Structures are given as structure tokens and as C-alpha cells.
Amino acid sequence: MNWNDFKRQGKESFPPKTILSILAGTAILAFGMVNIHKRVHITEGGVLGMILLLNYWFAIPTSLLSPILDALCYLVGFRYLGKEFLIRSIAATFCLAGFLKVWESLPFLLPDLTDKPLLAAIAGACFVGIGVGLVVRQEASSGGDDALALVISKLTHCKISRAYLATDLTVLVLSLTYIPVGRIAYSLITVTISSLLIDFVQTFSLADWKKRLAALRGAKTAIGEAEDSANS
């Protein structure tokens, strides 16, 4: 492949919209992981949860664990999801590792929610769901769990939210080794909300929502006209 072919491949794989979405998604995800999940010990499932688990067990930096675990999962993803997915996912993985390094080098930027685990669970789920959703929307993966969930979804034809829950619950069981049962319950809230948010962000279409709103307005108008006719 010559330089011109390489540039063309880059433009095809990374149009501006894809670049912005991957950067925004990984920045949001890493922010939530550092400022909420790691601090409050409300874990995620999948590889994200495994990163936090191994970080707690062996004190391995999350910025190092992220690309290593992702690489293993991408071997599976490459087989079923193709080269284009792999190229974008590798870029997203290094973006995530970079943003994790940035946020870890700064003081915590959110209040400590340790005494408010329910709020932490919901807030953490929003950061993960929106962040991962923005990346997956561009047919990429921000982590190995995304790759696994996408592969499971493709092979079983199930919704991606169900695939995420399957991998998340496995890691949550392992996380009982360092997180109390009560906090795992909050983690279950986190993975459920984040899975649904990922599904929503991935499939969101402004045009579809405009159509739905127009249909609702039409139905409202029809009902109003029917009521007026009945009263007259």
C-alpha cells in the first residue's frame, strides 16, 4: 500500500463525524470511569469492569490494562466484524487510554459520591452509556466488551443491550471479591441503565423522532377534532 492508498483508507475509515464522535465518546467514558466508578467502587461489567477489578487486585494502571484486554477481545471482533471495525476500534482504544491518563493525572473533578451510591450508579451509567454509545454508533468499539457485545449481538441476532448485560453480569459476579453485595446491587443498576443508553444512542435518529412527534401531533389534532365534532 502506497502513501496515497493509505491516506484514502484513512479518509474512508475516519471522516470528521467519526473522529469527533470517537473523541467525544472516549473522553466522556474515561471521565466517568475515573471520577465515579474507580472512586466510588461502583463497577461496570464487561472489560471495563475487568479493568477496574484487575486495577484493584494488582494495582495495574487502568491506562495499561485498557489496550491489553481490548487487544485480546479484538481478535474475536476482527473475525466477525471485519477490518474497518478493527481499524476504528484500535483508534478508539488508544483514545480511551489517553483520556484515562489525562483524567488520572488531574484532581477529581466531581464531588465524592461515596455516600450517595444510587446517585453515583445513575451518573456513572450516563457517562458510560453516552460515551460508549457515541463510539458504537460509528461502528467502532471503545473497549473489548463492546467488541464482544457486538459479536454476540451479530451471532445471536439479539439487541445489543441484552448482549451487554450478559457480559456485564459475568464480571459483576467476579467483582463480589472486592465490592460488597450492597454495592453490586448499585452496579447492577449501572449496567442496566448504561446498556439501555448505549442501545438508544446507537440507534438514535433525529429524522425518526421528528416523524414520531409529527405522528403524535397528528393524532392529537385528530382526537381534538373528533371531540369538537361530538360536542357540536
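These notebook entries record what I looked up in a predicted model of one protein chain.

**Entry 1: the nonpolar core**

I began with the largest nonpolar core, which has 22 residues. Leu-29, Leu-100, Val-132, Val-136, Ile-160 and Tyr-164 have the most contacts inside this core. I then asked which helices each supply at least two residues of the core. They are H2 (16–40), H5 (83–104), H6 (117–136), H7 (144–156) and H8 (160–174).

Leaving out residues up to four places away in sequence, I listed what Tyr-164 touches: Val-132, Val-136, Asp-145, Asp-146, Ala-149, Ser-195 and Ile-198. Val-132 and Val-136 were also named above among the core residues with the most contacts.

**Entry 2: helix H9**

Next I turned to helix H9, which runs over residues 181–203 and has 23 residues. From its first C-alpha to its last, H9 reaches 33 Å, close to the 33 Å expected at 1.5 Å a residue.

Which residues of H9 are buried? I noted Arg-183, Ile-184, Ser-187, Thr-190, Val-191, Ser-194, Ser-195, Ile-198, Asp-199 and Val-201. Ser-195 and Ile-198 are also among the residues that Tyr-164 touches. The cover over the buried residues of H9 includes H2, H6 and H8.

**Entry 3: Ser-141**

I located Ser-141 in the loop between H6 and H7. Is Ser-141 buried or exposed? Its relative accessibility is 0%, so Ser-141 counts as buried, the cut-off being under 20%. Apart from neighbours within four places in sequence, Ser-141 is in contact with Tyr-74, Phe-85, Ser-89, Ala-92, Thr-93, Val-135, Asp-146 and Ala-147.

**Entry 4: salt bridges**

I then asked how many salt bridges the model holds. The count comes to three.

- Lys-38 and Glu-104 meet through their side chains at 3.4 Å, N to O. This pair links distant parts of the chain, with Lys-38 in helix H2 and Glu-104 in helix H5, 66 residues apart. Lys-38 is partly exposed, with a relative accessible area of 32%, and Glu-104 is partly exposed at 27%.
- Glu-84 and Arg-88 form a salt bridge at 3.9 Å, N to O. These residues are four apart in helix H5, so about one helical turn separates them. An α-helix has 3.6 residues a turn, so residues three or four places apart point the same way. Glu-84 is partly exposed, with a relative accessible area of 29%, whereas Arg-88 is buried, at 10%.
- Asp-199 and Lys-159 form a salt bridge at 3.5 Å, N to O. This pair also links distant parts of the chain, with Asp-199 in helix H9 and Lys-159 in the loop between H7 and H8, 40 residues apart. Asp-199 counts as buried because its relative accessibility is 10%.

**Entry 5: the UniProt record**

Finally, I consulted the UniProt record, an unreviewed entry. Where does UniProt place the feature "transmembrane region"? The entry gives residues 18–36, 56–78, 85–103 and 118–136.

I compared two of these stretches with the model. Over residues 18–36 the chain is 100% helix and 0% strand, and the end C-alpha atoms of that stretch lie 27 Å apart. Over residues 56–78 the chain is 87% helix and 0% strand, with 30 Å between the end C-alpha atoms.

Conventions. Residues numbered from 1 in each chain as written. Predicted model: local features only at pLDDT ≥ 70, side-chain atom pairs only at ≥ 80, totals over all residues. Heavy atoms only, no water. Core = buried A, V, L, I, M, F, W, Y, C linked by side-chain atoms within 4.5 Å. Buried < 20%, exposed > 50% of the residue type's maximum accessible area, 1.4 Å probe, protein only. Contact = heavy atoms within 4.5 Å. Expected span 1.5 Å × (residues − 1). Salt bridge = Lys/Arg side-chain N within 4 Å of Asp/Glu carboxyl O. UniProt positions renumbered as here; feature names shortened; annotations may be inferred.
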